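Work through the exercises below with the sequence and the model open. Each task is followed by a solution in steps.

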Amino acid sequence: MEFRDIQKQYLHNKERIDSSIQNVLNTGIFIGGSPVKKIEDELKEFVDRKFCITCANGTDALSIALKAMNIQKGDAVFVPDFTFFASGEVVSGINATPIFVDVDERTFNLDCDKLLEAILKIKNEGKLVPKLIIAVDLFGLPADYVKIEKIAEEFNMLVLEDAAQGFGGSIGNRKTCSFGDIAITSFFPAKPLGCYGDGGAIFTDNAEYARFINSYKAQGKGDHKYDNIRIGVNSRLDSIQAAILSVKLDIFEWEFIRVNEVNNKYSSELSRYVVTPLVLNEFKSSFAQYTIQLSSEQERNQLKNYLKSKKIPTMVYYPKTMQDQIAFDPLYTRNLNSTSERLTKNCLSLPIHPYMEHSEIELVIQEIVNFKIKIGTFK
Ligand SMILES: *Cc1c(COP(=O)(O)O)cnc(C)c1O
């Protein structure tokens, strides 16, 4: 059994993917060209945004967004304490100050009460300027943008949606990548919409941001490629990856339904034994990860080893909070006794992907039940 079976996805769609790659080979245009324009148009239509600009990866997408928003030294940027390193790395990368905010124990996303507290604290101290909230759609579930956008408005702050794991999710009729002033996603192979290498995209409705991003990602170009009006970077999605993404986007809705079926089956069978992911009424998750919680670190590690002995792969996302990453030293503030810290100890992510066989889902469930009965600690 694979944790996320990208090879099976390829075999299911081999003919279409092979021919999309072959088409690019036939044109001999490997950077830019029509496949990149095509996927940008398709993506912005899919998420319902005015502008989509592709780039080299999700981390670049975040960094470029921060540049567009003119975030700089002296600015406080609020980031969840429980996320992938890149969400905070980019903030330190431009010498702004990341303020790590604790997350909600059931959604794994920003705890909005604690976000409000953290903003008020920074504002009252008066040393840093609260400028931006980076909200992460962790494990595929959109953050609570209704509350986050309201808080941002109250304090005249910007919102950046890190939907690297969240592509395809939604709140009501709004899809991920449509929230915040700018949103980004990643096409790393194991993300909900993945290519066969690195890739990323930036979304916005703001024409000025879009103009800046188009220039900055292309060596700060002006009207002409060899007319450079600012210092920029080189960050491109290549044509073969763009062509692959067009095929993958076409099958995405089907995959989204399948992966949600796996979630439904897991949750209906496992919720008696472990804490299963919570997806509230209006929300839909793309289940980049299906993450359960055990009663302790010891039980989590025992279950991980037990499943490994049954050849069922699992992952610990994430074994460290952001504030415990020594790269961020010295931190401006620390959260004590946090939910994030507890999650690093009791979370376990199970295999999930759209091509999981029924028998595989049943096996994972059965072995977790066996484990729980064997060691006898019910939820
Ligand atoms: C994967 C990921 C990124 C970075 O994306 P890359 O394409 O790997 O650079 C950023 N934020 C989150 C939450 C991620 O999961």
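**Exercise 1.** Determine how H4 and H8 are oriented to each other in this predicted model.

Solution. Two packed helices are described by the angle between their axes and the distance between the axes. For helix H4 (residues 58-68) and helix H8 (residues 207-216), the angle is about 125° and the axes are 10 Å apart. Angles of 65 to 115 degrees count as roughly perpendicular and those over 145 as roughly antiparallel. H4 and H8 are therefore oblique to each other. Their crossing is right-handed.

**Exercise 2.** List the residues through which H4 and H8 meet, and sort them by class.

Solution. From H4 come Ile-64, Lys-67 and Ala-68. They meet Tyr-209, Phe-212, Ile-213 and Tyr-216 of H8. Sorted by class, the contact has six nonpolar residues, no polar ones and one charged.

**Exercise 3.** Locate the backbone exceptions.

Solution. Most residues other than glycine have a negative phi, and most peptide bonds are trans. Asn-95, not a glycine, has a positive phi of about 65°; Asn-95 lies in the loop between helix H5 and strand S3. Tyr-317 and Tyr-318 are joined by a cis peptide bond, with omega about -5°. Tyr-318 is found in the loop between helix H11 and helix H12.

Notes
Residues numbered from 1 in each chain as written. Predicted model: local features only at pLDDT ≥ 70, side-chain atom pairs only at ≥ 80, totals over all residues. Heavy atoms only, no water. Axes fitted to C-alpha atoms, helices over the stretch in contact; angles between N-to-C directions. Helix = DSSP H or I, 4+ residues; strand = E, 2+ residues; numbered from the N terminus. Parallel < 35°, antiparallel > 145°, perpendicular 65-115°, else oblique. Left-handed = near helix turned anticlockwise from the far one by under 90°. Contact = heavy atoms within 4.5 Å. Nonpolar A, V, L, I, M, F, W, Y, C, P; charged D, E, K, R; others polar.
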